[in-house]
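This report covers the nonpolar cores of a protein model and one of its sheets. Please look over the sequence and the structure before reading on.

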Amino acid sequence: MAARGFPYTDLKDFIAALERAGELRRVDVPVDPTLEISEVVTRTVRAGGPALLFERPTRGEMPVAINLFGTEKRMAMALGVDSLDEVGARIGALIKPELPVGWSGIREGLGKVMQLKSVPPRKVKTAPCQEVVYRGEDVDLNRLPGLQVWPDDGGIFHNYGLTHTKHPETGKRNLGLYRLQQHGRNTLGMHWQIHKDSTAHHAVAERLGQRLPVAVAIGCDPVVSYAASAPLPSDIDEYLFAGFLRGERVEMVDCLTVPLQVPAHAQIVLEGYLEPGERLPEGPFGDHTGFYTPVEPFPVLHIEAMTMQRKPVYHSIVTSKPPQEDHGLGKATERIFQPLLKLMIPDIVDYDLPAAGVFHNCAIVSIRKRYPKHAQKVMNAIWGAHLMSLTKLIVIVDEDCDVHDYNEVAFRAFGNVDYARDLLLTEGPVDHLDHSSYQQFWGGKAGVDATRKLPTEGYTRGWPEEMSMAPEVTALVDKRWKEYGI
């Protein structure tokens with residue numbers, strides 16, 4: 001069932017919905033975007049608290065909205081559902097491979113086609129995001145209340161800028177979410193990582209000796225903001241995906257100075273270009289790993305135009321070791337992409353990406369085990385599945401184990417494993433931000449087979465039966481529980 005007011009027109013519309021639902025608090029006293037906002041947000045997230053709107057930041061000219069996605073409830077509200085699994089179910093229904101049978105099947109198939117046809121982005125001629133325009137010398141990033149989140153950060157960062165690029169040869173669009181370090185009043189460091197599509201676009205532009213046009217949208221509607229973070233295959237347009245999630249097309253407008261389109265209802269848009277070959281030191285930055293990432297050379301965005309709504313709201317996020325707001329985004333991705341992962345690897349019953357694993361460090365996977373070394377087969381399949389290739393630890397459990405119950409998973413992983421036989425060690429790509437690998441970009445990985453072992457796997461002792469209470473006794477105690485006075 002869609003949330004009230006969904007799909008939201010823009011960020012302000014979503015903020016109003018959060019406030020109506022008692023999920024937002026306004027902070028009407030001055031708060032410093034250097035460190036102070038970060039500490040307030042971190043304490044709020046760890047207390048399971050609300051989204052926050054800092055109405056009087058001591059730097060910049062607009063309020064700061066933050067912790068919008070910090071709980072599964074708010075993430076579900078952002079996507080217009082009661083449960084994140086509802087979105088996964090919609091995707092699962094669309095990707096069923098069966099051919100339609102009979103009139104009802106044909107009608108269902110037509111419904112799916114029409115659903116997809118209705119969601120590509122729609123171009124508009126005028127847009128709220130261009131109500132106020134600054135060009136040339138009037139561009140000043142200090143109008144924005146960018147955050148310094150941690151004491152040793154390299155300066156001010158803009159942490160929820162949706163970055164738009166196009167492949168210089170094919171013209172294919174990409175939307176990504178990357179941190180942006182403020183170098184000066186009109187320059188930003190572009191921290192796009194080695195595995196990202198925008199990095200590939202920039203590499204082609206440099207090979208051709210061309211500038212790469214870039215547009216950064218800040219403060220988009222929550223579905224578009226989520227879509228920018230989603231690990232979509234490169235051939236799926238993020239705005240088509242956002243339209244599918246919204247149930248209606250995303251309105252886009254041409255930029256004023258670069259040949260790109262941006263969401264018409266964004267709060268702020270930065271337009272500019274990258275010079276081929278230009279790099280500046282970027283970082284340090286306290287990232288979601290819980291550690292500072294080191295200084296590295298990254299491309300520089302030269303901003304030629306800054307456009308915005310009248311009375312805009314600035315959107316950002318705090319990154320730190322878990323728990324932090326990005327857990328809500330990660331949990332949404334886990335649930336939404338479950339059907340696609342199961343389509344690629346039908347052996348999977350369910351999976352969980354623990355918040356403590358910061359997206360790439362751990363995946364817990366349940367399977368319906370059918371043959372020897374089935375768990376190892378699934379491990380290798382996961383390491384070959386798009387960005388799941390970055391996973392460092394995979395724990396495989398039987399289908400009767402709830403992958404979201406970490407106590408139950410630990411019981412299986414600690415007790416069901418002979419580490420001389422059930423541990424698979426390998427090497428492969430790791431996340432750009434991984435500090436533990438001895439070489440950047442690749443390192444060691446492990447798979448733990450915590451399933452019941454089969455005789456055909458060399459286990460000859462006879463796997464013991466796990467204890468469970470007789471059902472009739474459980475029912476009896478349920479019935480009499482109040483009598484016991486416990």
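## Nonpolar cores

A nonpolar core is a set of buried Ala, Val, Leu, Ile, Met, Phe, Trp, Tyr and Cys residues joined through side-chain atoms within 4.5 Å. Buried means under 20% relative accessible area, with a 1.4 Å probe and protein chains only. The model is predicted, so local features need pLDDT of at least 70 and side-chain atom pairs count only at pLDDT 80 or more, while totals for chains, interfaces and linings use all residues. Residues are numbered from 1 along each chain as its sequence is written, and side-chain values use heavy atoms, leaving out hydrogens and water.

The largest nonpolar core has 77 residues; Met 75, Leu 79, Tyr 226, Phe 241, Ile 336 and Val 365 touch the most other members. This core lies between domain 1 (1-336) and domain 2 (345-471), because both give residues to it (domain bounds come from an automatic or database domain assignment). Another core, of 35 residues, lies apart from it and includes Val 27, Leu 141, Leu 180 and Leu 270.

## Contacts of Val 365

Beyond its neighbours within four places in sequence, Val 365 is in contact (heavy atoms within 4.5 Å) with residues including Ile 348, Tyr 351, Ile 394 and Val 403.

## The five-stranded sheet

Five strands (DSSP E runs of at least two residues, numbered from the N terminus) form an open sheet in the order 19-20-21-23-22, with mixed pairing. Pairing requires at least two DSSP bridges between two strands. Strand 19 (348-352) and strand 22 (423-429) are at the edges with a single partner strand each, so one side of each has no neighbour in the sheet.

Strand 20 (residues 362-367) runs parallel to strand 21 (residues 393-398), joined by six bridges. Ala 363 is opposite Ile 394 in strand 21.

Conventions: Buried means under 20% relative accessible area, exposed over 50%, partly exposed in between (1.4 Å probe, protein chains only). Helices (H or I, at least four residues) and strands (E, at least two) are DSSP runs, numbered from the N terminus.
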